[in-house]
Amino acid sequence: MRGFTQNGYQIKVTLKPFTNGYLYLGHHFGSKQYIIDSVAINSNSEVVFSGKEKLFGGVYMVIYPQKNGWFEILVDKQQHFSVTADTTDIIGKMQFTNSSDNQLFQSYQKIAQEKGKAIALLQKQLKEDPAGSDSVKTRSAITALNAEMQQYREQFIQAHPAHLLTAIFHILQEPKVPDAAQHPGGKYDSAFAYQYYKQHYWDGVSFADERLVRTPVFEPKLQRYFSNVLLQQPDTLSKAANKILDASISNKEMFKFILSALTEKYINPTYMGQDAVFVNLFERYYAPGKADYWLNDKYRKAVFDRAYSVMANLIGEKAADMNMVDSSGKAAPLYGIKAPYIVICFWDPTCGHCQTEVPQLDSLFQHKWKKQGVQMYGVMTDGGKEAWLKFIREHQLRGWTHVYQLPAVKEAEYAANKPGYKQLYDVYQTPVLYLLDKDKNIIAKKLNHDQLDELLQVKLK
């Protein structure tokens, strides 16, 4: 009898007590879940999920008819199997046929459930009586149960190195920093502890293992690494991103997932200056075409447009000169301003936010910044010349260099295919504030007036 390779997938599910409606097959994808199949339940509580193409490896879910619950299964090399379960005791009554991967997974779930319940009970006791006579004993019992769980995982990793559950356990493992006696000089060293933790954070994890994309544990670990483990400096973040992406580039699915996650994180970052991480991703991966195999036109345009909007205004870069005129039509370029610090304010006299922010900004300038040598360069972006002049008059915005761009200059830049000041300074809403040093280097951008003042006072000291 000749052997044959089973194609596609076929997963038979018997799930009591359901005898009508639909069961759904879904999978994790980072922090989200997606349904990929649905089948009507027969009178014997059975469905068969099947397809001609093999499923990507990962943690999948069989979702109940009302979508109010699910249980998880592993899908890897074994894609023709059956599972019987009962909602009264999913883990306890579940049975698999032709899936040793899921039998191992079920064994782990049973142990995890048992230990988890015991730990929860002990934690409840501790919460009710934290200083009680048995509190030390209770804490020791919790520590022991956690250690047993950790030991189980370590033994599983040794016994089943290629198993999907092993890959998941590597993600869940926390680096164990050596005891203080093993630190330099034989005493606790926080810098050593941090470096050790950071260097061992990804131990055992393969960035070419695409199965991790379809688990609920990989993306949280990735996000925590970039948000909490690494120093929040653009260079540090960029180097770490490059290292991980270069390690994943041999696997298209993993590379796409990580690059997308980091792009989303840094395309409009939480912290000033971290848009440099996005520019790094753009220059290293998007611009050379390394992501072309999955980019659609809409995503590509969004990434490229955003990159061109922030490349010219990164923290530490020279600010672009602006060909502007003052209210009398006299040339007043940015580089004509000489001062230790220059605050650029892009504003629109008809914008509600500007009408509040600009007078507050002027108050700081008149009562504080002017004496400290700070110069104001106010750029009218929209709203019309008459409204602009009226606002300046009524709010007595004295001492500023007030400028706007002549329509003819704007048209000439467009005809010559040159970027306008709005692109060069990423001005797509107002007000937008920049702080420059005497050499026109960008020190800060997109802060409010209070944040700008706080930074200025630090710089002036």
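**Figure 1. Burial and overall form of the predicted chain.** Of the 461 residues in the protein chain, 46% are buried, where buried means under 20% relative accessible area, exposed means over 50% and partly exposed lies in between (1.4 Å probe, protein chains only). This is a predicted model, in which local features need pLDDT of at least 70 and side-chain atom pairs count only at pLDDT 80 or more, while totals for chains, interfaces and linings use all residues. Residues are numbered from 1 along each chain as its sequence is written, and side-chain values use heavy atoms, with hydrogens and water left out. The protein chain has 15 helices and 13 strands; these are DSSP runs numbered from the N terminus, with helices being H or I of at least four residues and strands E of at least two. Its radius of gyration is 30 Å, well over the 23 Å that the globule rule gives for 461 residues, so the chain is more spread out than a compact globule. That radius is taken over C-alpha atoms, and the rule is 2.2 Å times the number of residues to the power 0.38. Along the principal axes, the C-alpha atoms fill a box of roughly 90 × 60 × 40 Å. Among contacts between residues at least 6 apart in sequence, 65% join residues at least 24 apart; contact means heavy atoms within 4.5 Å.

**Figure 2. The open sheet of four strands.** Here the strands follow the order β3-β2-β5-β6, with antiparallel pairing; two strands pair if DSSP finds at least two bridges between them. At the edges are β3 (32–40) and β6 (70–75), each pairing on one side only. From one strand to the next, the twist averages 30°, with axes being lines fitted to C-alpha atoms, for helices over the stretch in contact, and angles running from 0 to 180 degrees between N-to-C directions. Follow β2 (residues 22–29) and β5 (residues 58–63) to find the four bridges that join them. Y24 stands opposite I63 in β5.

Figure 3. The buried ones are L164, L165, T166, A167, I168, F169, H170 and I171.

**Figure 4. The largest nonpolar core.** This core has 57 residues, and W202, F218, Y225, F226, I258, L259 and Y286 touch the most other members. A nonpolar core is a set of buried Ala, Val, Leu, Ile, Met, Phe, Trp, Tyr and Cys residues joined through side-chain atoms within 4.5 Å. Helices that each supply at least two residues include α4, α7 (234–248), α9 (275–286) and α10 (297–310). Helix α8 gives the most, with eight residues. Take a look around L259: not counting residues up to four places away in sequence, L259 touches L245, L281, Y285, Y286, A291 and W294. A second, separate core of 28 residues includes L364, L397, A444 and L456.

**Figure 5. The open sheet of five strands.** The order is β11-β10-β9-β12-β13, and the pairing is mixed. β11 (401–404) and β13 (442–445) stand at the edges with a single partner strand each, so one side of each is left without a neighbour in the sheet. The twist averages 20° from one strand to the next. Strand β10 (residues 374–380) pairs with β11 in the parallel sense over four bridges, and Y377 stands opposite T401 in β11.

**Figure 6. S238 in helix α7.** S238 has its place in helix α7 and counts as buried, at 9% relative accessibility. With residues up to four places away in sequence not counted, S238 touches A276, V277 and N280.

**Figure 7. Backbone details in four loops.** Most residues other than glycine have a negative phi, and most peptide bonds are trans. The peptide bond from K16 to P17 is cis, with omega near 10°, and P17 is found in the loop between β1 (9–16) and β2. Another cis bond runs from T430 to P431, with omega near -5°; P431 lies in the loop between α14 (421–424) and β12. K67 has a positive phi near 60° and lies in the loop between β5 and β6. K67 is exposed, with a relative accessible area of 52%. Phi of N417 is near 60°, and N417 sits in the loop between α13 (407–415) and α14. N417 is exposed, with a relative accessible area of 71%.
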